[in-house]
Amino acid sequence: WFSGLDAADSRSADNGNQFSFEPPDQGLCAGRGRVLEIVNRAALAVSSNTGQQLVPPVAMNAFFGLPPSINRQTDPPTFGPLLTDPQCYFDPPSGHWFLTIAVADTDPSTGDFTPSFAVDMAVSQTSDPTSTWARYRLDESDVGVGGAPSHPGCPCFGDQPIIGTDSNGFYISTNEFTDSTFDFNGAQVYAMSKWELVFASLG
């Protein structure tokens, strides 16, 4: 066994531009002698299978190229998107790593949610999770823009995205709730080609 990410790691990532948050909703996956760990709204770390941490904890907002959860270096502080419910998976057939997280955009000045929700995805470009990743966004607001469906009561958010895969596909399921009244619109399933994601990640 070895020590995983703790509350101090999460809070201090990105120079402390993080919130303290519970529950941790840990995402954990392993392959090729590497262990990838993610915790809720906070940080990502990669260790060897013997427990040696290979890179310092990285804030999830920074990993996805987004503004910090809270920027305490500004006066007054400014806010970035809320990231939550992380999942990860190492795919032995392709030798690539997959990572997903739910995203809720916020008003930078207040931190209040805006009606824009997504799942951000990342696919490693090699079998080494400490190397480079390609990043994608799946809009889940479902207001009928950009080819997305128009669902009752939306904009909506996809709670608790769960991932799965088979020989050809990569799948994400969510529980869709309306933003304004929290009505349940039902489970949503998104299917895409696993191999297209892998090959696209190679540039």
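With which side chain does the side chain of Glu-37 make a polar contact? The partner is the side chain of Gln-26, at 2.8 Å, where a polar contact is a pair of N or O atoms within 3.5 Å; within protein, one atom must be able to donate a hydrogen and the other to accept it, and residues adjacent in sequence count only if both atoms are side-chain atoms.

The model described here is predicted, so that local features need pLDDT of at least 70 and side-chain atom pairs count only at pLDDT 80 or more, while totals for chains, interfaces and linings use all residues. Residues are numbered from 1 along each chain as its sequence is written, and side-chain values use heavy atoms, with hydrogens and water left out.

Glu-37 is found in strand β2, strands being DSSP runs of E with at least two residues and helices DSSP runs of H or I with at least four, numbered from the N terminus. Glu-37 is buried and yet has no salt bridge, for the nearest side chain of opposite charge, that of Arg-34, is 14 Å away. Here buried means under 20% relative accessible area, exposed means over 50%, and partly exposed lies in between, for a 1.4 Å probe and protein chains only. As to charge, Lys and Arg count as positive and Asp and Glu as negative, whereas His and the chain ends are not counted. A salt bridge is a side-chain nitrogen of Lys or Arg within 4 Å of a carboxyl oxygen of Asp or Glu.

Strand β2 belongs to an open sheet of four strands in the order β1-β2-β3-β4, with antiparallel pairing. Its edge strands are β1 (27-31) and β4 (53-59), each of which pairs on one side only; two strands pair if DSSP finds at least two bridges between them. Neighbouring strands of this sheet are turned by 10° against each other on average, direction ignored, the axes being lines fitted to C-alpha atoms (for helices over the stretch in contact) and the angles running from 0 to 180 degrees between N-to-C directions. Strands β1 and β2 (residues 34-38) run antiparallel and are joined by five bridges, and the bridge partner of Gly-27 in β2 is Ile-38. In strand β4 lies Leu-54, which is partly exposed at a relative accessible area of 33%. Leu-54 and Val-35 are 19 residues apart in sequence, and their C-alpha atoms are 9.7 Å apart in space.

| Pair | Closest N and O atoms |
|---|---|
| Asp-91 and Lys-194 | 3.2 Å |
| Arg-137 and Asp-120 | 2.6 Å |

Asp-91 forms a salt bridge with Lys-194; because Asp-91 lies in strand β7 and Lys-194 in helix α3, the pair ties together parts that are 103 residues apart in sequence. Both of these residues, Asp-91 and Lys-194, are buried, and the relative accessible area of Asp-91 is 1%. Asp-91, in strand β7 (residues 82-91), also makes a polar contact through its side chain with the side chain of Tyr-89, at 3.3 Å.

Arg-137 forms a salt bridge with Asp-120; since Arg-137 lies in strand β10 (residues 133-139) and Asp-120 in strand β9 (residues 113-124), this pair ties together parts that are 17 residues apart in sequence. Arg-137 is partly exposed, with a relative accessible area of 43%, whereas Asp-120, at 4% relative accessibility, counts as buried.

## The two sides of helix α3

Which residues of helix α3 are buried? In this helix (residues 194-201) they are Lys-194, Leu-197, Val-198 and Ser-201. They cover an arc of only 100° around the axis, which puts them on the same side of α3, the arc being that of the directions from the helix axis to the C-beta atoms. On the other side of α3, Glu-196 and Phe-199 are exposed. At the start of α3, a side-chain oxygen of Ser-193 reaches to within 3.4 Å of the backbone nitrogen of Trp-195.

## Backbone details

The peptide bond from Asp-75 to Pro-76 is cis, with omega near 0°, and Pro-76 has its place in the loop between β5 (70-71) and β6 (78-79). Gln-160, in strand β11 (residues 156-165), has a phi near 50°, a positive value in a residue other than glycine, and is partly exposed with a relative accessible area of 29%. Phe-182 likewise has a positive phi, of about 60°, although it is not a glycine; Phe-182 has its place in the loop between β12 (169-178) and β13 (184-193) and is exposed, with a relative accessible area of 55%.
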